[in-house]
Amino acid sequence: MSDADFYKRAQVVKLKTLSDVNDIGKPWRYEENGLTVTRTSPWSPPGCHPVGCGLKLYVNDEGRLVKVEGDENNPVTQGRLCPRCIALKDYVYSPARLLHPMKRDREDRGNADAWEQIGWDEAYAIIKENYDRITAQYGRESIVIFAGTGREGGTFAPYGTMCFGTPNFCYTQSGYACYTPRLAAIAYMAGTTYPEWDYAGALPGRWEDERYDITEVLMIWGKAPLESNPDGFFGHAVIDSMRRGTRLIVIDPRVTWLAARADIHLQIRPGTDTALGMAMLDIIISEDLYDHDFVEYYCYGFEQLAERCATMPPEKAAEICGVPVEKIYAAARMYANANPGAIQWGLAADQKTNGMQQGQVTVSLMAITGNLDAPGGQILPGTGAGHNEAGFGFEEGVGEELFSKMVGLDKYPAYCMIILNAHADLMLHALETGEPYPIKMGFYAGNNLLSCTSQEPQRWRDAIQKSLDFCIGFDTFMNPSIQATCDIFLPLKTVAERDGTVFTHYAPCTVTAGFMHKAIEVGDCKTDYELCYELGHVLRPELWEKAYAYRSAKEFMEALRLGERQNGEFFDKVAENVVCQIPVDYYKYERGEMRQDGQVGFATPTGRVELWSTAFQQFGEDPLPYYEEPMYGPVSPMLMRDYPFILTTGARTTAFFHSEHRMIPRLRELCPNPITEIHPNTAKKLGIVDGQWVRISSPFGSCVQKAKVSEIVDEKTIHSQHAWWFPEEDGSEPNLYGNFRSNINNLLPNFKVGKLGFGAPNKCFVCNVEPIAESYDTDMDLMWEKFGKLV
Amino acid sequence: MSVYGLLFDYEYCTNCGSCQVSCQEEHDYPVGKTGIKVFTDGPWKIDDEFWNFNHWPIVTDLCDLCADRTAEGREPICVHHCLSNIITYGTVEELSKELEVKPKQFLVIPQFNPNATRGEFVSRGSRHVSAAADVQGTGAATYATHRHDTKIGELDENEGTIF
């Protein structure tokens, strides 16, 4: 099959509520009522996980975007949209948006008034001068790329490998506590990548496709898919499936809307998931509810797993997790008896030091129940899947010698090698101490680390300010991180202004491939691939002209994303489809389609799903899952005397993508203030009333948020939102848009990672809460006055 | 003429906010103004096992059922964007049938800015015309409301004395 056939226009599945007057079957661009309509499948910015929801962008004859509507041609989103894309026009034309490069003296870092507008040529010249000077003295390894999440830039590894030529592409969250630990667990155990729930996204006709079996039981574990569209999964597919009969088990410390509708809700103490998973495995194995054939032919180490899980009987787990033991039995039986059953495991797995072990129990549950690569179970990518973002251009751009200098590679090879990333905590250490070598230059690739990604943010700010001679920010808006630490600002295009691709689930296990189409031009901005291409030529002309030798930025994107080099012509051809379903198949392991060598089984040393993991053992970790108490918690009663509550953080809302969108009034209106959830009995005891502001504190720091008194959490647990800053406030230091006032990361540590370097206790920590007299309620009139009038 | 309304299947409203933001974008409403918004009740415990937790999208007095869109034969914008796909636009006749199919639904027929719709106050006009008469005085002022069989509370015009 040629690649052009691979990318075929997806078959439309019309929603019943959609009128007969609709845009089904329209081409990628058409005219309507004097407007030019461009159909597109966005990724970023604004940031979002790569779902690629269908969008129709309506542009008038002056080239202005006047309307945004969901595209009913997308087989998964079917015209539906979340508020963030609905408000895209407000984002694109926000008076706060920055449309031109700017410079500022190093001494003026933190001064919001010191920026001076410049052209791209001058910006490139300044970057080049600093790059040459710094790399001559300290080597290219002295450059760090601060990577974030959700934005295309956040995983745009070529910034490191090809553009700056540094091994230190670095996602700056302690322990890479996001997605990658889960990826690592399945990679080590089954030689494949993230096993997404099969929601029929890739099947023509979707749920009605004859190959599909509706999921009988969906276990949603430490995940809030409706609000977060996690990792490219269209969250409301859960609703579509519930309507078709899917029943839920929800494992969550919060009574989420889904938990309130679940057959079984296991409201566990945050951080105790691995104990729960081991107990469920113990029940399924001892009650003989597992898939004997799959275990016999395709699993390795079943006996050892059974033996290990027997050390965590359900009664013991019930005590650890704080849930009734009958519910653990019921959940294990319900999941094991489901045909098919599936698990959606979320970020909570990554945000604990015991998370790799949670990964082991989760994959083991999927495997021994025969739900891997089964319709309605977990989809697995075959050998042809995946896009080599991390390794792309690596050999010529970085090479083995420089790679060996990657920060953290010696101590945490498992972490650094799986995604070719410098270790986050050890990068902080390097910034603070100059060890193993000085870090002198930085570049923000879709990351606002001081507001969102990084723990102890003031410590990160101080380290960056002290260590970096030169730092570049590349974004759509000013943010606290760039304001505090950068010398150059470069303006980034939004989805409406660009072309490109979007592969759901970050490419592995892609369900749909989408294509972005440029509809408008705004200011003087660039995309990530354009900047990488242009700046690459400025900084490393020899390499880009001779070794890479792309004819255009578009060809670079085409090669990176589609594996073709046709000067953009191939892209243009397939992009007309806007959204394509990627052919999917089941039970590939029975036909040798999971391995490069074409043999049956899985791409692991033993050829089987390794319940007893040879990879874990090689990296010096226990090959079997084990439970470890959260370091900060009941295990230390002394600590709990001063910080008597369990703190869990970071539940999302649909209004914002992490630290983004706070300056979009219609979105801010959905959630004007940073919220901390407290149980009514706890609130009463502490003298806190609903809507009052409270101070939340831990041994590492404190912040203030607005109390929402609700039974959504239990009496021992506090939940606080993350990523708050206030773009309506003074941006200069020390206020810095109020960045450190309500920042829950003030309370969270660095350097408390798991044995392999993965995981941080961001969702299972301790805190105290006290009422305060002050109110910091957002003034929505001020928001509208400041940001309501579009430009 | 058929009456149109919106059918909401609130069993699946997740409070995503798409209806409200869609409405504000479509009609260019500032913050604080919208044709639809979501109210929440819960979570609170029904008993040891079950929870009550519902969201309710409610149309306001600014909902015109997207008159411009429906004139073209399209569905209102909140119907188009609703992430859970819980809003149906149609005639009351059609929607009533749907209403019977499952519980946890409600049907709404909004009225756009009803106070404006009823127009300026206009009196119905024609009043009673009083009969012509030659009215004489009683000679005494009364400032009590009890029956006139005592003199209490009556002011004697001649003596100026209150009893």
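In this predicted model, strand β1 of chain B, covering residues 4–9, is joined to β4(B) by 5 bridges, and the two strands run antiparallel. One of the residues involved is B:L6, whose bridge partner in β4(B) is B:Y89.

This pair belongs to an open sheet of 3 strands in chain B, arranged in the order β4-β1-β5 with antiparallel pairing. Strands β4 (87–91) and β5 (105–108) of chain B stand at the edges; each has a single partner strand, so one side of each is left without a neighbour in the sheet. From one strand to the next, the twist averages 25 degrees.

A helix accompanies the sheet. Helix α4 of chain B, formed by residues 92–101, lies across β1, β4 and β5 of chain B. Relative to β4(B), helix α4 of chain B runs at about 135 degrees.

Chain A is described here by its domains. The domain assignment gives the following bounds.

| Domain of chain A | Residues |
|---|---|
| Domain 1 | 1–93 + 502–529 + 552–584 |
| Domain 2 | 196–379 + 598–618 |
| Domain 3 | 637–787 |

The centres of domain 1 and domain 3 of chain A, taken over C-alpha atoms, are separated by 35 Å. Where these domains of chain A meet, 9 residues of domain 1 are in contact with 10 residues of domain 3. On the side of domain 1 of chain A that touches domain 3 of chain A, the elements giving two or more residues are α2 (83–86) and α3 (88–92) of chain A. By class, that side of domain 1 of chain A has 6 nonpolar, 1 polar and 2 charged residues.

How values were computed
Residues numbered from 1 in each chain as written. Chains lettered and ligands numbered in written order. Predicted model: local features only at pLDDT ≥ 70, side-chain atom pairs only at ≥ 80, totals over all residues. Pairing = 2+ DSSP bridges. Helix = DSSP H or I, 4+ residues; strand = E, 2+ residues; numbered from the N terminus. Axes fitted to C-alpha atoms, helices over the stretch in contact; angles between N-to-C directions. Contact = placed C-beta atoms within 7 Å. Domains from an automatic or database assignment. Nonpolar A, V, L, I, M, F, W, Y, C, P; charged D, E, K, R; others polar.
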